[in-house]
Amino acid sequence: MYLEEMFGLKGKVAVITGGGQGIGQTVAVGLAKAGAQVVIVCRSGADETIKLVEAAGGTAYFVRCDVTDESSVNAAVNEIIERSGKIDILFNNAGACYHKKAIVLDGEDLGGLNDGEATVEEWRAILDVNLTGEYIMAVAVARTMIEKNIKGSIINMASMSGSIVNIPQCQASYNASKAGVIHMTKSLAIEWANYGIRVNSISPGYVGTPMSQPPFVHQELLDAWNPLFPLHRMAAPEELMPAILYLASPAAGYTTGTDVIVDGAYCCV
Ligand SMILES: NC(=O)c1ccc[n+]([C@@H]2O[C@H](COP(=O)([O-])OP(=O)(O)OC[C@H]3O[C@@H](n4cnc5c(N)ncnc54)[C@H](O)[C@@H]3O)[C@@H](O)[C@H]2O)c1
C-alpha cells in the first residue's frame, strides 16, 4: 500500500515520445505496469509497443507526430486531450544521433569510428530533434497542465553526453544538444514551479537499443567502447525504469530541476 501511494500511477495519463522502439518502448510498458494509461507519440506506427503494453495488462494508443514540427505537436496534444482529457506525465524521449567529425582532412582514415564530416544541416537536424523538439513538446504539454491545474511531471531525455564527451566517436551536435536539454530542464523547472509542474531530466550512459547497436554503430566502435564501461557492459533499457518511475510518481514531489545520471559510473572515470 505504501509503495502504491509513493510510486503508483493509477488514473494518470503518460505521454511518451519516440515510444515505438528502444528506451521509449520499455518505458511505455513500465509506466503502464505502474497503472498509467500510455500514449505513444512517434512518427511511424507503434503496434509492437501497444501489444507489449496490453500483454502487461495496460492500455495504450498511438498518435502520429514529428516533434520538430510545432503544428504536428499541437495537433497531437489536442488529440490526446480529446481522447484522454488530460496529460499528467510527459517522457520527452525522441532523439537522434550521428557519429561524424567536424573536420575530416583529405585522405584521413576514420577507422570505422566516424561516418565522415558533418554538414551544418546535419548539426541543425540533431539540435532540432533533441533540443528544440523536446522544448516544443514540453511547452505544448505544460500549457495543458496549467489550463487544467494538473501538477504534472515532465521528464526530458538527456544523456551522459550532456556532461562528458564520449570517445572515440565524434558527435559534437549530440553532446551539445544533450547539454542543452539539461539546462533547458532546469530553466523550465524554475519557470513552471509556481504551477506545481516538475521538470527533470535523465542522463543514461550507453543503453542497448537500436541507437547503440549495428548497423547504426560499427563493430569497430563497439570494440572500442567495451573496455570503457566501468560495469563491463551497457545498461539494459529496463535499468532506467526505476529512475523514470521515481521522477514520474508522487514519490518525487520535491524533486524538480535535477538531472538523474544512470550511467554505471561512466562519468566518474
Ligand atoms: N541508447 C543509448 O545509449 C542512449 C543513451 C543516452 C540517451 N539516449 C537517448 O534516449 C532516447 C531514446 O533513444 P533510444 O536509444 O531508444 O534510440 P532509438 O533510436 O531506438 O529511439 C529513438 C526514437 O525517437 C524517434 N524519433 C526521432 N526523431 C523523431 C521526431 N522528429 N519525431 C518523433 N519521434 C522521433 C525515433 O523514431 C525512435 O522511435 C534518445 O533521446 C537518445 O538520445 C540513448
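Is Asp88 buried or exposed? I opened my notebook with this question, working from a predicted model.

**Entry 1: Asp88**

I looked up the accessibility of Asp88 and found a relative accessible area of 6%. Because buried means under 20%, I recorded Asp88 as buried. I then located Asp88 in the loop between helix H4 (70–84) and strand S4 (89–92). Its side chain makes a polar contact with the side chain of Lys86, at 3.0 Å. I also listed what Asp88 touches, leaving out residues up to four places away in sequence. The list holds Gly11, Lys12, Val13, Met145, Ile150, Gly152 and Ser153.

**Entry 2: Val13**

I followed the list to Val13, which is found in strand S1 (residues 13–17). Val13 counts as buried, at 4% relative accessibility. Which residues are in contact with Val13, apart from its neighbours within four places in sequence? I noted Gln37, Val39, Ser84, Lys86, Ile87, Asp88 and Ile89. I also looked up the separation of Val13 from Ile81, which lies 68 residues away along the chain. The C-alpha atoms of Val13 and Ile81 are separated by 9.9 Å.

**Entry 3: Helices H2 and H3**

I turned next to helix H2 (residues 22–33) and helix H3 (residues 47–55). Their axes come within 9 Å and cross at roughly 25 degrees. Angles under 35 degrees count as roughly parallel, so I described H2 as roughly parallel to H3. The crossing of H2 past H3 is right-handed. Which residues meet here, from H2 and from H3? On the H2 side I wrote down Gln25, Ala28, Val29 and Ala32, and on the H3 side Glu48, Thr49, Leu52 and Val53. By class, the residues of this contact divide into five nonpolar, two polar and one charged.

While on H3, I checked Asp47, which has its place in that helix. Asp47 is exposed, with a relative accessible area of 59%. Asp47 and Tyr61 are 14 residues apart in sequence, and their C-alpha atoms are 8.9 Å apart in space.

**Entry 4: Helices H2 and H8**

I then looked up H2 together with helix H8 (residues 241–248). The axes of H2 and H8 come within 10 Å and cross at roughly 55 degrees. H2 and H8 are therefore oblique to each other. I recorded the crossing of H2 past H8 as right-handed. From H2, the contact is made by Thr26, Val27, Gly30 and Leu31; from H8, by Met241, Ile244, Leu245 and Ala248. How many of the residues in the contact of H2 with H8 are charged? I found no charged residues there, with six nonpolar and two polar.

**Entry 5: Thr185**

I moved on to helix H6 (residues 172–192), where Thr185 is found. Thr185 is buried, and its relative accessible area is 0%. What does the side chain of Thr185 reach at 2.6 Å? I identified the backbone oxygen of Val181. With residues up to four places away in sequence not counted, Thr185 touches Asn156, Val199, Asn200, Ser201 and Thr258.

**Entry 6: Cis peptide bonds**

I looked up two cis peptide bonds. The bond from Ile167 to Pro168 is cis, with omega near 0 degrees. I placed Pro168 in the loop between strand S5 (153–157) and H6. Pro214 and Pro215 are also joined by a cis peptide bond, for which omega is about 5 degrees. Pro215 has its place in the loop between strand S6 (198–204) and helix H7 (219–225).

**Entry 7: Positive phi values**

My last entry concerns backbone phi angles. Asn149 is not a glycine, although it has a positive phi of about 55 degrees. I found Asn149 in the loop between helix H5 (120–147) and S5.

Ala265 lies in the segment after strand S7 (259–262). With a relative accessibility of 32%, Ala265 counts as partly exposed.

Conventions
Residues numbered from 1 in each chain as written. Predicted model: local features only at pLDDT ≥ 70, side-chain atom pairs only at ≥ 80, totals over all residues. Heavy atoms only, no water. Axes fitted to C-alpha atoms, helices over the stretch in contact; angles between N-to-C directions. Helix = DSSP H or I, 4+ residues; strand = E, 2+ residues; numbered from the N terminus. Parallel < 35°, antiparallel > 145°, perpendicular 65-115°, else oblique. Left-handed = near helix turned anticlockwise from the far one by under 90°. Contact = heavy atoms within 4.5 Å. Nonpolar A, V, L, I, M, F, W, Y, C, P; charged D, E, K, R; others polar. Buried < 20%, exposed > 50% of the residue type's maximum accessible area, 1.4 Å probe, protein only. Polar contact = N/O pair within 3.5 Å; in protein donor to acceptor, adjacent residues only side chain to side chain.
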